[in-house]
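Subject: Structure handover

Hello,

Here is the structure for you to look through. My notes on what turned up follow below it.

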Amino acid sequence: MTESRKERARHWQYDELPGVDLLRARYIHKTFVRHTHEHFVIAAIADGVEVFHHGSGDVYAGAGALALVNPDTPHTGRAGVPEGWQYGAVYPSPEVVAAIAAETTTLRGTPGFVTPVLDDPYTVRLVHRVLRATDEGNALAADTLLRVAVTRLLRLNGGTLPRREVRTAGARMAARARAVLEERMAAPPTLERLAAELGTSPFALLRAFRDTYGMPPHTWLTDARVRRARRLLDAGTTPSEAALAVGFTDQPHLNRHFSRIVGVPPGAYQRERKNVQDARDRLLVPSRTWQWNGLQQHSQTYGTTQMYGTTAEESRTAPSYGTRSASESPSDSPGSPSE
């Protein structure tokens with residue numbers, strides 16, 4: 001396999017962008033299982049096509065498009081073409097996005113994205129410029145470009161997220177079950193025992209949990225374990241200790257699920273975050289390598305754009321990759337494993 005056909009990924013933070021995670025990746029065979037993020041996902045596709053299950057169907061994001069996922073929204077991820085997909089992503093926290101929205105938009109309430117795919121080559125380039133600025137240690141540029149990108153996305157595709165209110169008896173039961181699983185993460189009960197503790201039947205609990213959180217309890221628990229493991233790794237806990245603390249049998253067990261949700265192994269994840277000031281010395285490839293041919297093509301096609309405005313050339317619509325398919329993700333089928 002040539003160098004260009006190898007999978008590679010880097011997940012890191014930059015001290016001057018607090019509350020924001022960063023990612024560069026090229027995936028060919030990688031499959032992300034159903035999971036959620038505490039932060040927003042703004043993934044700028046540079047080449048290839050990503051397919052991810054979102055809501056009731058699959059959506060497609062190709063070169064020049066952005067995959068946009070709101071916090072705590074279940075989704076998957078896989079290649080949509082044989083050559084895979086390559087992208088750069090920023091993951092701003094809800095607090096970061098809310099602060100930008102309050103300053104630069106008229107959105108009220110909790111801001112978020114309306115549709116999961118947006119064809120906008122200009123913002124794709126902005127996201128990659130944010131990543132390049134962090135590589136170069138240019139804090140002013142990184143902060144400025146991030147704010148411009150988020151503002152543009154909120155103006156083009158922003159709305160107010162509905163409040164999650166626990167009203168029905170099923171939703172209240174699911175919330176109680178979630179609380180039990182969070183408290184007993186390292187040694188959770190079986191579905192039957194959990195249902196008995198809550199005074200219901202296993203299948204009634206399973207249906208209520210899926211309806212409320214978009215995934216069955218065991219899939220949610222794996223996702224929650226990886227989230228907690230990330231916090232432990234950020235605090236300096238070793239991967240082997242983190243694995244046992246959150247309820248995985250050993251480090252390989254953590255490695256498998258961590259990679260299928262975060263995109264990199266826990267050891268690589270922790271190394272990048274131990275000393276973010278030296279991150280640019282540990283790049284997998286030079287940053288200029290990530291300026292994909294696809295981006296250059298879009299740059300030539302759509303012309304130049306001012307930082308806060310859009311030219312007539314920029315307003316042209318790129319070929320849409322945002323069409324939903326009628327297919328279902330295997331994890332949505334009753335009884336199919338999600339881990």
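The protein has 11 helices and 11 strands. Please keep in mind that this is a predicted model. Of its 339 residues, 52% count as buried. The accessible surface comes to about 15900 Å². Carbon and sulfur atoms hold 51% of that surface.

Contacts across the sequence come next. Take those between residues at least 6 apart in sequence: 74% of them join residues at least 24 apart.

Now the interior. In soluble globular proteins, nonpolar side chains tend to be buried together. Here the largest nonpolar core has 51 residues. Y87 and W220 have the most contacts inside it. Helix α7, residues 217-234, gives the most to this core, with six residues. What does W220 touch, leaving aside its neighbours within four places in sequence? Its contacts are R178, L181, E182, F209, Y213 and M215. Another core, of 33 residues, lies apart from the largest one. L68, V124, L146 and L153 are among its members.

Helix α7 also meets helix α9, residues 251-262. Their axes come within 10 Å and cross at roughly 95°. Angles of 65 to 115 degrees count as roughly perpendicular, so α7 is roughly perpendicular to α9. On the α7 side, the contact is made by T222, D223, V226, A229, R230 and L233. On the α9 side, L254, H257, F258, I261 and V262 take part. By class, this contact has seven nonpolar, two polar and two charged residues.

Best wishes

Conventions: Residues numbered from 1 in each chain as written. Predicted model: local features only at pLDDT ≥ 70, side-chain atom pairs only at ≥ 80, totals over all residues. Heavy atoms only, no water. Core = buried A, V, L, I, M, F, W, Y, C linked by side-chain atoms within 4.5 Å. Buried < 20%, exposed > 50% of the residue type's maximum accessible area, 1.4 Å probe, protein only. Helix = DSSP H or I, 4+ residues; strand = E, 2+ residues; numbered from the N terminus. Contact = heavy atoms within 4.5 Å. Axes fitted to C-alpha atoms, helices over the stretch in contact; angles between N-to-C directions. Parallel < 35°, antiparallel > 145°, perpendicular 65-115°, else oblique. Nonpolar A, V, L, I, M, F, W, Y, C, P; charged D, E, K, R; others polar. Areas by Shrake-Rupley, 256 points an atom, 1.4 Å probe, with all protein chains shown as cover.
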